[in-house]
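Please read the following walk-through alongside the sequence and the coordinates.

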Amino acid sequence: MPKKIRILIAKPGLDGHDRGAKVVARALRDAGMEVIYTGLRQTPEDIVEAAIQEDVDAIGLSSLSGAHMALLPEVVKLLRKRKAADILVAAGGIIPDEDVRKLKKAGIKAVFGPGTPLAEIVEFFRSAAQ
Amino acid sequence: MKIVDQLREGDKRAAAKLISMIEDDDPGATAALAEIFPHTGKAHIVGLTGPPGVGKSSLINRLVREYRERSKKVGVVAVDPTSPFTGGAVLGDRIRMADTGSDPGVFIRSMATRGHSGGLALATFDAVKVLDAYGMDIVFVETVGAGQSEVDIASRAHTTVVVQMPQSGDSVQALKAGILEIGDIYVVNKMDLGGGDTMASNLDFMLEERQGWRPPVVQTAALDGRGTKELADALTKHYRFLKRGPLWRGREADRARKELFESMRHLLAETFSDDTAGIGFEETVGAIVARKTDPRTAARKLLKGLKLPR
Ligand SMILES: Nc1nc2c(ncn2[C@@H]2O[C@H](COP(=O)(O)OP(=O)(O)O)[C@@H](O)[C@H]2O)c(=O)[nH]1
Ligand SMILES: [Mg+2]
């Protein structure tokens with residue numbers, strides 16, 4: 001059996017709905033991947049812990065509020081601390097260009113704005129698993 | 001083997017990677033499983049089965065906390081179906097198990113059913129062995145009680161818990177055939193919705209003592225935690241009953257028998273799936289199409305000359 005691609009999709013922070021995250025989760029499933037969906041209101045610690053237990057190749061974080069500037073880099077930092085920096089992190093949501101640059105500098109590998117074609121997101125996770 | 005040492009030293013990542021190797025049928029998994037096997041057999045394995053949405057994951061979430069309070073380390077393997085069309089899956093059991101956060105004494109793993117050639121139960125219980133060797137005192141296995149393979153998994157545990165909810169069987173006739181035979185403990189969850197008493201007494205009426213154990217019916221509300229203690233006590237009581245009673249050895253032999261059989265089947269399936277074994281599989285297919293031999297005769301002949309993969 002070839003190695004299955006496993007992706008964790010989470011929604012950090014306290015705000016809102018997870019529609020976008022669910023759409024991405026389904027697209028990844030339809031591309032043959034196993035998606036571990038952890039739902040809303042996850043702390044960076046919870047997310048990293050889940051990613052390690054589930055042995056995922058990458059993490060997709062959905063973010064809708066201003067809080068992402070603290071939460072997303074924290075996930076990358078904690079992964080490094082747990083010697084799991086090989087697990088790549090991507091983010092999706094409405095994130096201003098300036099913040100996108102900062103996030104990438106902080107180690108977030110990709111940021112997908114609204115309207116990004118799903119195929120592009122699927123392709124990112126596929127190559128992240130290589 | 002390094003990964004096994006790391007696992008035994010409490011490295012979560014090593015445990016997680018080993019489970020992936022098992023799931024991916026990685027060649028290294030066999031050797032690793034052989035090394036951890038002497039360290040297994042210590043955990044109480046509890047299978048929970050029942051229709052989707054009855055609250056199995058929520059209940060496990062409660063039980064994990066209960067057992068943590070009793071200073072036990074807890075593992076969870078939650079199995080969900082793979083899409084037969086895409087091979088992918090969305091595994092959402094963790095949504096209901098979020099309370100445990102980053103507690104070092106908890107390990108939760110989501111598994112998709114995939115198309116395991118040796119049977120799903122084999123892969124699932126190899127994952128359970130990893131958590132057992134990792135030092136977990138109790139391991140919960142969640143499966144959707146729909147098909148035979150799920151029932152098979154549930155009945156492989158030390159203690160099998162069948163979870164129902166009030167509406168799902170006002171008349172117990174509505175219960176799936178066989179469900180009354182497999183459970184060691186029956187749970188009527190969502191008692192907060194009402195109708196729990198009726199459901200519980202109907203169930204209780206149908207259940208009979210088997211081999212010295214009368215399956216209890218426990219009412220719970222995973223939503224607010226009611227009944228969690230009673231359920232945990234029932235689990236412990238059943239485990240003690242098994243361990244101290246005359247059934248233990250027979251059950252262990254049953255499990256070993258099933259696993260040995262499945263391992264043999266798995267090995268055979270593996271041998272055939274990669275044609276490197278050079279057994280002339282494709283040539284035989286041609287011969288069958290040409291009516292030079294028939295499938296049953298050819299199968300015997302091929303198996304006789306079989307060379308197993310290392
Ligand atoms: N009212 C009520 N809802 C519950 C209870 N336990 C679980 N639920 C809800 O039932 C739904 C399914 O629960 P889940 O644990 O995912 O069920 P599973 O599919 O059997 O694992 C969720 O919306 C839960 O919040 C309960 O005791 N009472
Ligand atoms: Mg569930």
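B:G92 sits in the loop between β3 (89-91) and β4 of chain B, where helices (H or I, at least four residues) and strands (E, at least two) are DSSP runs numbered from the N terminus. This is a predicted model, in which local features need pLDDT of at least 70, side-chain atom pairs count only at pLDDT 80 or more, and totals for chains, interfaces and linings use all residues. Residues are numbered from 1 along each chain as its sequence is written, chains are lettered from A and ligands numbered from 1 in the order in which they are written, and side-chain values use heavy atoms, with hydrogens and water left out.

With a relative accessible area of 24%, B:G92 is partly exposed; buried means under 20%, exposed over 50%, and partly exposed in between (1.4 Å probe, protein chains only). Apart from neighbours within four places in sequence, B:G92 is in contact with A:Y37 and B:D80, contact meaning heavy atoms within 4.5 Å. Its C-alpha atom is 9.2 Å from that of B:A78, a residue 14 places away along the chain.

A:K3 also has a partner in each chain: with neighbours within four places in sequence left aside, A:K3 is in contact with A:D57 and B:D24. A:K3 belongs to the segment before β1 (6-10) of chain A and is exposed, at a relative accessible area of 52%. Between the C-alpha atoms of A:K3 and A:A129 there are 9.6 Å, although 126 residues separate the two along the chain.

Two aspartates have positive phi values. A:D55, in the loop between α2 (44-53) and β3 (58-63) of chain A, has a phi near 50° and is buried, with a relative accessible area of 7%. B:D25, in the loop between α2 and α3 of chain B, has a phi of about 60°.

Chain B is divided into domain 1 (1-38), domain 2 (40-245) and domain 3 (256-303), with bounds from an automatic or database domain assignment. The centres of domain 1 and domain 2 of chain B, taken over C-alpha atoms, are 25 Å apart. Their contact takes 18 residues from domain 1 and 20 residues from domain 2.

Which residues touch the most other members of the largest nonpolar core? Of its 35 residues, they are B:L7, B:L18, B:I36, B:F107, B:V128, B:V130 and B:L131. Such a core is a set of buried Ala, Val, Leu, Ile, Met, Phe, Trp, Tyr and Cys residues joined through side-chain atoms within 4.5 Å. Elements of chain B giving two or more residues to this core include α1 (2-8), β2 (74-80) and α5 (120-133), and α5(B) gives the largest share, 9 residues. The core draws at least three residues from each of domain 1 and domain 2 of chain B. A second, separate core of 28 residues includes A:A10, A:V56, A:L61 and A:I95.

Helices α4 (residues 56-69) and α9 (residues 228-244) of chain B pack at an angle of about 75°, with their axes 10 Å apart. Axes are lines fitted to C-alpha atoms, for helices over the stretch in contact, and angles run from 0 to 180 degrees between N-to-C directions. The angle makes α4(B) roughly perpendicular to α9(B), a term for 65 to 115 degrees. Among the residues making the contact are B:L59 and B:Y67 of α4(B) and B:L231 and B:L235 of α9(B).

How values were computed. Angles under 35 degrees count as roughly parallel, over 145 as roughly antiparallel, 65 to 115 as roughly perpendicular and the rest as oblique.
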